Amino acid sequence: MRAARAFVLPSLWEGFSNALLEALACGTPIVASTTAGSAPDVLANGRYGLLVEPQDIEAMAAAILRQSGADAIRPGGRALSSYAPKCSCFWLKLSQDIRYG
């Protein structure tokens, strides 16, 4: 996953996504739907990846293109830093545990 240009979670409904945490821990640019379970919390409402309405095809395509390019939002250091929002503290600690063992 670390070598992927982007991770996309376009689910109409999703439970807790371990794959999303793995992408976050790997620093892979992320696009997730707003209905993909814990994605809004894990991504701090868009701070660490792009959130898109799942049925908005044009917005999803634009987000994928952006996250595949040079101006992608890369979560890695920013998401795992001490500047992370308090609301995402649990998810960030969990992603650190995944990343660093």
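This is a predicted model: local features need pLDDT of at least 70, side-chain atom pairs count only at pLDDT 80 or more; totals for chains, interfaces and linings use all residues.
Setting aside neighbours within four places in sequence, I found Ser-11 in contact with Ser-33, Thr-35, Ala-36 and Pro-54.

Where does Ser-11 sit? I placed Ser-11 in the loop between strand 1 (7-9) and helix 1.

Buried or exposed, then, for Ser-11? I got 15% relative accessibility for Ser-11. The cut-off for buried is under 20%, so Ser-11 counts as buried.

Next I checked what the Ser-11 side chain does. I have it making a polar contact with the side chain of Glu-14, at 2.5 Å.

Then on to helix 1. I took it as residues 18-26 and listed its buried residues: Leu-20, Leu-21, Ala-23, Leu-24 and Ala-25.

Zooming out, I counted elements. The protein chain has 5 helices and 3 strands. Reading from the N terminus, I wrote the order down as β-α-β-α-β-α-α-α.

How much of the protein chain is buried? I noted 43% of its 101 residues.

I also looked at the sequence range of contacts. Of those in the protein chain between residues at least 6 apart in sequence, 46% join residues at least 24 apart.

Notes:
Residues are numbered from 1 along each chain as its sequence is written. Side-chain values use heavy atoms; hydrogens and water are left out. Helices (H or I, at least four residues) and strands (E, at least two) are DSSP runs, numbered from the N terminus. Buried means under 20% relative accessible area, exposed over 50%, partly exposed in between (1.4 Å probe, protein chains only). Contact means heavy atoms within 4.5 Å. A polar contact is a pair of N or O atoms within 3.5 Å; within protein, one must be able to donate a hydrogen and the other to accept it, and residues adjacent in sequence count only if both atoms are side-chain atoms.
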